[in-house]
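Here's a quick briefing to read alongside the model. Have a look at the structure first, then go through the notes below.

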Amino acid sequence: MNVITNHMPTAELQALDAAHHMHPFSTQNDLAARGARVITQANGCFLRDSEGAEILDAMAGLWCVNIGYGREELAEAAARQMKELPYYNTFFMTTHIPAIALAAKLAELAPGDLNHVFYAGSGSEANDTNIRMVRTYWAEKGQPERNVLLARWNGYHGSSMGSGSLGGMVGIHSQGGLPIPDIHHIGQPNWWAEGGSMSEEEFGLMRARELEEKILEIGPERVGAFIAEPVQGAGGVIVAPDSYWPEIQRIVDKYGILLIADEVICGFGRTGNWFGSQTLGIRPHIMTIAKGLSSGYQPIGGSIVCDEVAGVLAACEFNHGYTYSGHPVACAVALENLRILEEEGIIDRVREETGPYLKEKFESLADHPMVGEVKIVGMMGSLALTPHKDSRATFASEAGTVGYMVRERCFANNLIMRHVGDRMIISPPLVISKEEIDLLIDRARLSLDEGMAAVKDAGLWVAG
Ligand SMILES: *Cc1c(COP(=O)(O)O)cnc(C)c1O
């Protein structure tokens, strides 16, 4: 593999970056003061930065590099497709082979009668599609008033106007005039933070029943769909209590509203099955996909749609689409990624071998004095940090202060583990080996030890 080493010195790259590159979800002035870490190369589960450090990427980029970095087959698929047909659109009665082949493959992999694919360039775009598709579906059925979409606080569905409105992130809603009209939110099934004195099962039922209460409050004749991630990702890898999803399924069935599973993270093996809906036992009408669809090698997303919804839409012109819907290079790369996931048995190995191994090792962190709850499904997991496990207390500092301190130690220890508030989260490439899992856990434990020492030094080891 060729590694480019004749780049500018890191400090110069950082200065140019800060001067000209506006970063997503960042405070640009902080970034300018510190200098961003410059990632130059990656292979398997490891990143290399411009200083030559080897970093274990326990986040698979942004939850997306499912087959790991450095797979030449994907580069070759992209080059082949670029030479053959680098671009054509799928508007106006045209199509092309990569878009056809990928749609057919997704229809085969997706459960039930989810047989139809509407392409987008990202998860955010796909969820914007879903809003318009749901409302158009009900309008075509003669129920245009059924335009309300329900979603959850602390869910994440993207950061465009529509998808950011579906999401329940207060920080996103507070900028730019979101949410758009007729989107409402219910509570999240985060027992650790919000369950009070209830049992996990009671709390799961209570949170699921908020959906029914909200439907009745708004009027069942007005509600078109409910969207949720099978396991909340960006919200902190929140795994609902077992009682939650069966009750949600009962409620959406009872009121005949559409269920949208946002599979952008959970899809393509992350939970040990092709889709999180299979792991959690739910039957969505639409699934949002992106991220692991191409293992992040190309930007591509989409909606996989059931026969009923696609059938109704088929009778009208749906005035919607993106220049890059079904981009041929992205489709070709996604197809190659799916081939590798399937033929190399990567998802089976997550379900039967490396997932259980990671679970055992990750759960062993529960004995750390600062770790309260440990949650893990397949290859997505979280640790709730607390100064007092029994009371599930928070620290006497703004949420995220302690999580950030631990993340800083991870950074120094060459481990990418993120924090969401005071929860630490992982989502490694699905190809991670047992030895690499051991390394991940060693570095995580060291970082927790060092983080705890820093927390104590700062006088924050007290309950808030
Ligand atoms: C990342 C994410 C999105 C948004 O995808 P983008 O490609 O960043 O627009 C949507 N839903 C979920 C569950 C995600 O994790």
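Start with helix 5, where the buried residues are Pro98, Ala99, Leu102, Ala103, Lys105, Leu106, Ala107 and Leu109. Bear in mind that this is a predicted model.

**Helix 5**
- Helix 5 covers residues 97-109, so to speak a run of 13 residues.
- From first C-alpha to last, helix 5 reaches 18 Å, close to the 18 Å expected at 1.5 Å a residue.

**Who surrounds the ligand**
- The shell around the ligand is made up of Ser122, Gly123, Ser124, Asn127, Tyr156, His157, Gly158, Glu229, Asp262, Val264, Ile265 and Lys291.
- Helix 6 (residues 123-140) supplies the largest share of that shell, with three residues.

**Polar contacts and burial**
- On the serine 124 side chain, an N or O atom sits 2.6 Å from an oxygen atom of the ligand.
- For lysine 291, a side-chain N or O atom is 2.7 Å from an oxygen atom of the ligand.
- Aspartate 262 places a polar side-chain atom 2.8 Å from a nitrogen atom of the ligand.
- The ligand taken alone exposes 380 Å², and the protein buries 84% of that.

Definitions and conventions
Residues are numbered from 1 along each chain as its sequence is written. This is a predicted model: local features need pLDDT of at least 70, side-chain atom pairs count only at pLDDT 80 or more; totals for chains, interfaces and linings use all residues. Side-chain values use heavy atoms; hydrogens and water are left out. Helices (H or I, at least four residues) and strands (E, at least two) are DSSP runs, numbered from the N terminus. The expected span of a helix is 1.5 Å times one less than its number of residues. Buried means under 20% relative accessible area, exposed over 50%, partly exposed in between (1.4 Å probe, protein chains only). A residue is near a molecule or strand if one of its heavy atoms lies within 4 Å of it. A polar contact is a pair of N or O atoms within 3.5 Å; within protein, one must be able to donate a hydrogen and the other to accept it, and residues adjacent in sequence count only if both atoms are side-chain atoms. Accessible areas come from the Shrake-Rupley method with a 1.4 Å probe; for residues, only the protein chains shown count as cover.
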